[in-house]
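Here are my notes on the charged pairs. Please read them beside the model.

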Amino acid sequence: MQKTPKRNKQPLPCGEPASLPPDKRKRESPDDFVALLPPEVSLQIFSELDICSLCNAAMTCRSWNQAIDNNDCLWKNHCLTVRAVCQREIDCDRGNGYSWKITLLRNYWKSKVKQEWLSGKYSNIHSQNNLPEKSMYPMDVDTWGEILEAELER
C-alpha cells in the first residue's frame, strides 16, 4: 500500500479568495460550484453559513477546504459573535497576532461554557456530579472572576 504525500496548505490573505487554476477547474466535478463560480461568489455563499456548517463544508472536498480554511474573512464574523461573551480574550488573541480563525478556535468552547456560567445555569448545583460533562473549560483568573461576580449579583 503506497502512501500519498501530504501537501502543505498555503494560507491566503484576507480579501483574496482561494481559486483554482484554469487547468485544474476542468478536472473538478461539475457539481463543485467553487471550481465553477468566480471566487467572490463562492466566498459570498460560504459567508452565509453558521460555524458548524462552515466546518462541515470545509471537509467536503479539497477545493472547498482551500476556499474556506484559508480565507480568514469567513471566520471574522463568527469570531466577533463569540467576542460578545469573550471580549477580553478575543481582543488579547487578536492583539497577539492570531488570525480570526485561530482566535475563534481558541475561544469558541470557552465562550459557550462562559455564557452558561454567566447566565446562571449552574447557580443551584450542589455537587460536581450535577455538572454536565462540558461545563468546565480551562479559563484564566479574570474569566472566573467575572463568573463569580455574576454569581454574587444573583
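1. Ten salt bridges turn up in a search of the whole structure. The term covers a side-chain nitrogen of Lys or Arg within 4 Å of a carboxyl oxygen of Asp or Glu. This is a predicted model: local features need pLDDT of at least 70, side-chain atom pairs count only at pLDDT 80 or more, and totals for chains, interfaces and linings use all residues. Residues are numbered from 1 along each chain as its sequence is written, and side-chain values use heavy atoms, with hydrogens and water left out.

2. Lys-101 pairs with Asp-69; their closest N and O atoms lie 2.1 Å apart. The bridge links distant parts of the chain, 32 residues apart: helix α8 (residues 100-118) holds Lys-101, and helix α5 (residues 62-69) holds Asp-69. Helices here are DSSP runs (H or I, at least four residues), numbered from the N terminus. Both Lys-101 and Asp-69 are buried.

3. Asp-93 bridges to Arg-106, with 2.8 Å between the closest N and O atoms. Asp-93 sits in helix α7 (residues 87-95) and Arg-106 in helix α8, 13 residues apart. Asp-93 is buried at 5% relative accessible area. Arg-106 is partly exposed at 38%.

4. Glu-146 and Lys-114 form another salt bridge, closest N and O atoms 2.8 Å apart. Helix α9 (residues 141-153) carries Glu-146, while Lys-114 belongs to helix α8. Glu-146 is partly exposed at 29% relative accessibility; Lys-114 is buried at 1%.

5. Which residues join Lys-114 and Glu-146 in one network? Arg-88, Glu-89 and Asp-140 do, through salt bridges that share partners.

How values were computed. Helices (H or I, at least four residues) and strands (E, at least two) are DSSP runs, numbered from the N terminus. Buried means under 20% relative accessible area, exposed over 50%, partly exposed in between (1.4 Å probe, protein chains only).
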